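Dear colleague,

I am handing over the structure below for your review. Please look through it before you read the notes that follow.

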Amino acid sequence: MPTPSLAALPIRRLTLRDLTACADLSEDRGWPREEHKWGLLLSAGKGYGIDDPDGGLVTACVVTEYGPYSEPDLGAIGMVLVAERHARRGIGRRLMRHVLSVMGTTPLTLHATPYGRPLYEELGFKVTGRAEMLRGHFIPGGPVPTTSTRAATAEDLAAVLRLDEEVLGTDRTHLITRLPAFADQFRVAEENGRIIGYAAAWPNMDTQVVGPLVARDTDTAKALVTSLAAGTDRPLRTDIDVRHEELRTWARERGLASAAFNSVMTYGMPELPGDWSRRFAPLTVAAL
């Protein structure tokens, strides 16, 4: 039988049963397998992909929706991948057009690499910001943060969810409630018994990713990162909004080197909702 053309292959929803195939696709493109992250995204979001008749996936992506369950007010697109053997044949464009169609009028956001940005611009996405990926072994030093931090408890979850929705401008309950099981560390900053920030560190291959990082101010963000760094021997990685120049400079002074810059892009809205001044880093650039 002749092999069907790529244009004829159906796009289907992915599930957790596709986790290994998604990780294989990452590896095929020279990315880390990131099975832990794929597991979170496929359970909290909606995966889309095309099966390769020869085995594996031709392409895949995940959309994580936020807000009311039946009427999301924001969607984040991530992990957009096309197998190397099928690259540069329009399959990524086809998958993205499908996602835009499925999402209808829901505003969308994504983090774009320089390689992927032209496609997203062609589809109508606009650059509204930038994030710097920083990575390295954290070196303690400098002034000791005065903000108090501690491990989060179950009793903190309601306050964390209220703060998160206030800062992000949308409801991320389905992601935040997964943090205690997903992350190695989940910490809060508090003042006079009130939670003023929170952050998590989760395992991704050989690093600990610091994200999300939500804090009242830069000093609070520093205290949270310092406390997370004290709890691991692995290198840290985080993706900081470039507008937080003070935190980025401090992170470099503490041993984290710049690894890359990504463009924050939006579709159907002029910019991300919420309060950027308290939103320092996403849970993952593949979500929000």
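This is a predicted model: local features need pLDDT of at least 70, side-chain atom pairs count only at pLDDT 80 or more; totals for chains, interfaces and linings use all residues.

The largest pocket has a volume of about 1,100 Å³. Of the 41 residues that line this pocket, Trp-31, Val-80, Leu-81, Thr-113 and Tyr-115 are the closest to its centre. Several elements give two or more residues to the lining, among them helix 3 (91–103), helix 4 (117–122) and strand 12 (257–267). The most is given by strand 4, with 6 residues. By class, the lining of the largest pocket divides into 22 nonpolar, 10 polar and 9 charged residues.

Just after helix 3, Gly-104 takes a positive phi of about 60 degrees.

About 40 Å³ of space lies in the largest cavity. The residues that line this cavity include Lys-37, Trp-202, Arg-237 and Asp-239. Its lining has 5 nonpolar, 1 polar and 3 charged residues.

The structure holds 5 aromatic pairs. In one of them, Phe-125 and Tyr-267 are tilted, at 5.0 Å centre to centre and 40 degrees between the planes. Phe-125 lies in the loop between helix 4 and strand 6 and Tyr-267 in strand 12, so this pair ties together parts that are 142 residues apart in sequence. Phe-125 is buried, with a relative accessible area of 1%, whereas Tyr-267 is partly exposed, at 25%. Ring pairs link these two residues and Tyr-120 into a cluster.

Phe-182 and Trp-202 form another tilted pair, with 5.0 Å centre to centre and 45 degrees between the planes. Because Phe-182 lies in helix 7 and Trp-202 in strand 9, the pair ties together parts that are 20 residues apart in sequence. Phe-182 is buried, with a relative accessible area of 7%, and Trp-202 is buried, at 1%. Trp-202 is also one of the residues lining the largest cavity.

Finally, the charged end of Arg-13 sits over the ring of Tyr-48, 5.9 Å from its centre.

With kind regards

Notes
Residues are numbered from 1 along each chain as its sequence is written. Side-chain values use heavy atoms; hydrogens and water are left out. On a 1 Å grid over the protein atoms alone, a cavity is a set of points where a 1.4 Å probe fits but cannot get out, and a pocket is an open set with protein on both sides within 12 Å along at least five of seven lines; lining residues have an atom within 4 Å of a point. Grid points are joined across faces, edges and corners, and a volume is the space filled by probe spheres set on the points. Helices (H or I, at least four residues) and strands (E, at least two) are DSSP runs, numbered from the N terminus. Ala, Val, Leu, Ile, Met, Phe, Trp, Tyr, Cys and Pro count as nonpolar, Asp, Glu, Lys and Arg as charged, and the others, Gly among them, as polar. Rings of Phe, Tyr and Trp (its six-membered ring) pair if their centres lie within 6.5 Å; planes under 30 degrees apart count as stacked, over 60 as edge-to-face and the rest as tilted. Buried means under 20% relative accessible area, exposed over 50%, partly exposed in between (1.4 Å probe, protein chains only). A charge sits over a ring if NZ of Lys or CZ of Arg is within 6 Å of the ring centre and within 35 degrees of the ring normal.
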